[in-house]
Amino acid sequence: MAQRSVVIGLDGVSWRILDPLIENGHMPRLASMREKGAWGLLESTVPTYTPPAWTSAITGVNPGRHGIYGFIEGHAQNERRELVHSGRIEAPTIWEMARAQGVRSGIYNVPLTYPPRELDGWMISGMMTPGWGERQRGFASWDKGSSDLEARILKWAPDYSVDMSADWERDWRDAALAQRALDVLQQRHTVLERLIELDPVDLLFTVIETPDRLQHVYYRYLDPADPLYGSKAGEELRPQVVRCYEAMDRIVGLLDDFATDGGAIVCSDHGFTAWESSAHTNTLLQQWGYLKLKAGARLMQTSAARKAVPLAKRVLPAKVAREAKNRTFAAVDWEKTRAFASPIPQQGVFVNLKGRERFGAVEPADLPSLKAEIKRKFEELRGPDGLPVTDRVHLSEEVFKGEALDGAPDLLPVMRDHRFELDDELFHKEPFTDYGHLPRGVHHPDGVVVVRGPGVGRTSELRGSVMDVTPTMLYLGDLAIPEGLDGSLLKEAFDRDALASRPPRSTAPPTSGPRDETSPYSEDEEKQIEESLRGLGYL
Ligand SMILES: [Zn+2]
């Protein structure tokens, strides 16, 4: 017999921010879930970004098996780069696992669920759904009538937003983003309340994207350990941002109540930290001789041309800015280039491998030694302060296991506990740009988890991976766990007696439903989504 189980996903939250909010009484529902349950750290995927991480949370497998590494497929060598979408997820999902056991699901606002897939239950797609700010269509799926559900949602929340955009370059200056976030949170609350009343499913997986947007923009004003926390701007803006976390807590309460007789998990896809600096990976690779520019390209390296790209990023539409960036990549001499930076959300380096890359120049036999050599270069690298800057360099074979390796970077360096973010720009004179004076944040692998429900013990020492969310949610729902997942049940969350009396059951992996790999986006929709990704600093 299934029992209700609910995931309340808070995109990007970390205890560094939630702890003081809980202490000061702003999140009473989360506080009470922690008191009654098991909680701790949930480690994100490598790379530590929303698309691979939430996809691991809903599939229970690593990116090497679900195939999602970022928001956009391809890199500087691809003529046409496609936005990723739900049809690209190559592993069975939690709603397919539930369906195989006769359980209906509700999937709300999970990134990368557009186009919403057909399922037993309902799905409202999240980040990467086109068309916000106007009449929405095609964002809902319901086994009792998709268009009926869409019409209802637009009645409950007439200007329903499928995603919340932010502009990392401007929004930190005032509280307008926090005000918008509060409106979006109110919509999320209303729509969720009505959805669980309309069709109270047994398995409910929800994501609230607003904490990620707020923390990209205001992180240092929210982390008491940061010097900017006590600054004048911090003191002024923080109360308005805190109201958003209070609104999130009311959503936590709504969903925790919905799961009263069952189990609930609060989790994030990754945590956050202060954004200290950008590391211009292509500049480093050029200095080390792995990336070569064409002879004539020197002319493009005048200071005017160097400024062109950052300037374009600030004032031009995303499409024009991207074209400007693509034009700069025309300066790369691919025949003589052995390695180049991957796009920002992948945080890594591609080897220019023959047979894999369009302009491949490196023989497959040379791949392992070249990777080892580049790894060493990063390990020896010193930061702007003259001290070592690289904590570690992940090699693809160490972090990605599976057949879905298209688009996986070969090396993924981590610098200064993730406070340095790698980018793929060309033509920087210096390898680092300091952003330490701004309040903005970047992703960190330490996310959060709280488990509450029957058989759950009390501990604050829980340690798990974002891949553990799927099996733990299934167990809380009294469902069998498919064999062969990379994640596993968070056993430490449960009393030993409870586990013994109800041991986890396993089952054969479900077959994935039909999925369409072709892009669902029109050119206009692509443009709009790219604009929003740029607002988060990803393009
Ligand atoms: Zn995220």
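**Note on domain arrangement and helix geometry**

1. In this predicted model, the centres of domain 1 and domain 2, taken over C-alpha atoms, are separated by 30 Å. The domain assignment of the chain places residues 5–274 + 442–535 in domain 1 and residues 277–292 + 332–434 in domain 2.

2. The contact between these domains involves 27 residues from domain 1 and 28 residues from domain 2. On the domain 1 side, the elements giving two or more residues are α4 (63–66), β8 (271–274) and β16 (441–444). Helix α4 supplies the largest share of that side, with four residues. By class, the residues on the side of domain 1 that touches domain 2 are 12 nonpolar, 12 polar and three charged.

3. Helix α7 (residues 176–198) packs with helix α8 (residues 210–222) at an angle of about 175°, and their axes lie 10 Å apart. Because angles over 145 degrees count as roughly antiparallel, α7 is roughly antiparallel to α8. To this contact α7 brings Leu177, Ala178, Ala181, Val184 and Leu185, while α8 brings Thr210, Arg213, Leu214 and Val217. Seven of the residues in the contact of α7 with α8 are nonpolar, one is polar and one is charged.

4. Helix α9 covers residues 232–258, which is 27 residues. From its first C-alpha to its last, α9 reaches 41 Å, close to the 39 Å expected at 1.5 Å a residue.

Methods. Residues are numbered from 1 along each chain as its sequence is written. This is a predicted model: local features need pLDDT of at least 70, side-chain atom pairs count only at pLDDT 80 or more; totals for chains, interfaces and linings use all residues. The expected span of a helix is 1.5 Å times one less than its number of residues. Axes are lines fitted to C-alpha atoms, for helices over the stretch in contact, and angles run from 0 to 180 degrees between N-to-C directions. Angles under 35 degrees count as roughly parallel, over 145 as roughly antiparallel, 65 to 115 as roughly perpendicular and the rest as oblique. Two residues are in contact if their C-beta atoms, placed from the backbone, lie within 7 Å. Ala, Val, Leu, Ile, Met, Phe, Trp, Tyr, Cys and Pro count as nonpolar, Asp, Glu, Lys and Arg as charged, and the others, Gly among them, as polar. Domain bounds come from an automatic or database domain assignment.
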